[in-house]
Amino acid sequence: MKFTRLFSRANIETMTKEIAVSGIRPTGKQHIGNYFGATRNFVQMQDMFNGYFFVADYHSLTTHPDAKDLREKSKNIALIYLACGLDPNKCALYLQSDVPQIPELYLIFNMMAYLGELEREATFKEKVREQPNNVNAGLLTYPVLMTVDIIIQKAKKVPVGKDQQQHVEMSRDFVRRFNNLYGVDYFPEPEAFSFSQALVNVPSLDGEGKMSKSKPEHTCIYLEDEADVMRKKMMRMVTDSGPKEPNAAKPLIIQNVFDLMELVSPAETVQYYNEKWNDCSIRYGDMKKQLAEDMVTFLAPIREKIKELSANEKILLEILGDGGAKARANSAQTLKDVREIVGLQKV
Ligand code: ADP
Ligand code: TRP
């Protein structure tokens with residue numbers, strides 16, 4: 001009796017909470033950019049929101065990965081979700097490819113996207129430059145698939161890093177177009193979300209743009225890195241010859257070191273080095289050593305948890321199975337409604 005009451009209350013809560021969706025592509029090892037831009041927010045959101053967090057394995061097919069490699073990397077992303085603190089009792093954890101309703105809605109939503117806007121999108125243009133021999137149609141319609149991941153769960157909040165803001169903006173356009181075209185108010189307009197004031201952008205350690213799985217290993221701090229590897233990478237961060245006058249503006253490569261420090265060090269430490277910068281007595285070697293130690297300390301519990309969970313693949317697969325079932329059930333309802341809205345036959 002008691003159990004039944006509790007169970008139904010949980011269900012009601014799940015139904016009334018706002019929905020959040022996000023995913024990470026299994027294209028490499030997870031780094032601190034993924035953590036601070038995405039996963040940390042997922043963990044913070046899981047109590048307040050009805051969360052759907054997945055491994056974006058369909059998306060990674062755009063870069064033609066080796067099949068065995070893709071399977072392993074997908075499990076690794078899921079494992080790291082758990083190690084970072086996602087709780088399968090609070091949110092759904094699943095593989096995108098376990099939800100066959102996604103490709104069907106993707107087909108329907110491709111009619112909401114125009115060639116010109118897809119070609120103008122920044123990540124597409126970057127990929128055309130990076131992989132001129134593989135400019136496939138999946139790359140072009142990447143933002144449509146991403147939109148569908150979000151809206152198939154009727155989500156409003158999309159926790160992502162700064163680099164994904166343009167994609168989420170596009171999903172708002174596609175949703176608006178769909179609602180207008182069919183004269184319905186069916187899909188909510190998704191919005192990018194972060195608990196920090198602005199969307200997070202973790203810089204690459206070489207100072208060239210954002211940290212990314214597709215960049216060289218020495219430019220990323222991976223959540224799985226051993227402490228000494230992390231220390232070495234941090235000490236190699238590029239700096240300059242120091243401030244020339246008091247209270248000078250910081251050049252980008254120095255701002256990057258401060259930005260990383262803001263993420264993992266206590267506020268007093270950041271303040272101390274700011275003062276040292278402002279009075280021109282800063283020693284970058286000391287600062288980087290301090291940053292490396294704070295990074296190692298911050299990430300130690302996650303690294304431990306990754307090791308612990310790696311030993312039990314069976315549980316991981318069970319969790320993904322349950323999450324997939326929940327994501328499919330919710331998606332099936334959305335797809336049924338959409339087929340009705342657009343005038344397709346009932347199946
Ligand atoms: P990557 O670019 O490393 O391959 P993904 O594209 O799979 O990473 O991104 C997964 C999530 O991590 C997205 O929400 C993205 O915004 C976030 N993210 C990736 N890199 C960074 C970064 N350097 N700073 C902040 N967030 C990031
Ligand atoms: N495009 C995202 C990235 O490269 C990954 C992703 C796919 C995603 N589908 C999504 C993120 C839906 C948020 C919501 O990082």
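Select Lys307 and Glu226: the two form a salt bridge (a side-chain nitrogen of Lys or Arg within 4 Å of a carboxyl oxygen of Asp or Glu), with the closest N and O atoms 3.7 Å apart. Lys307 sits in helix α14 (residues 284–310) and Glu226 in the loop between β5 and α11 (227–235), so the pair ties together parts 81 residues apart in sequence. Helices (H or I, at least four residues) and strands (E, at least two) are DSSP runs, numbered from the N terminus. Lys307 is partly exposed at 45% relative accessibility, and Glu226 is partly exposed at 42%. On this scale buried means under 20% relative accessible area, exposed over 50%, and partly exposed in between (1.4 Å probe, protein chains only).

The model is predicted: local features need pLDDT of at least 70, side-chain atom pairs count only at pLDDT 80 or more, and totals for chains, interfaces and linings use all residues. Residues are numbered from 1 along each chain as its sequence is written, chains are lettered from A and ligands numbered from 1 in the order in which they are written, and side-chain values use heavy atoms, leaving out hydrogens and water.

Next, select Asp47 and Lys90, a salt bridge whose closest N and O atoms are 3.1 Å apart. Asp47 is in the loop between α2 (32–45) and β2 (50–55), Lys90 in the loop between α4 (67–84) and β3 (92–95), 43 residues apart.

Then select Arg172, Asp173, Arg176 and Glu189, which are linked in a network of salt bridges. Within it, Glu189 pairs with Arg172 at 3.4 Å between the closest N and O atoms.

Searching the whole structure gives 21 salt bridges.
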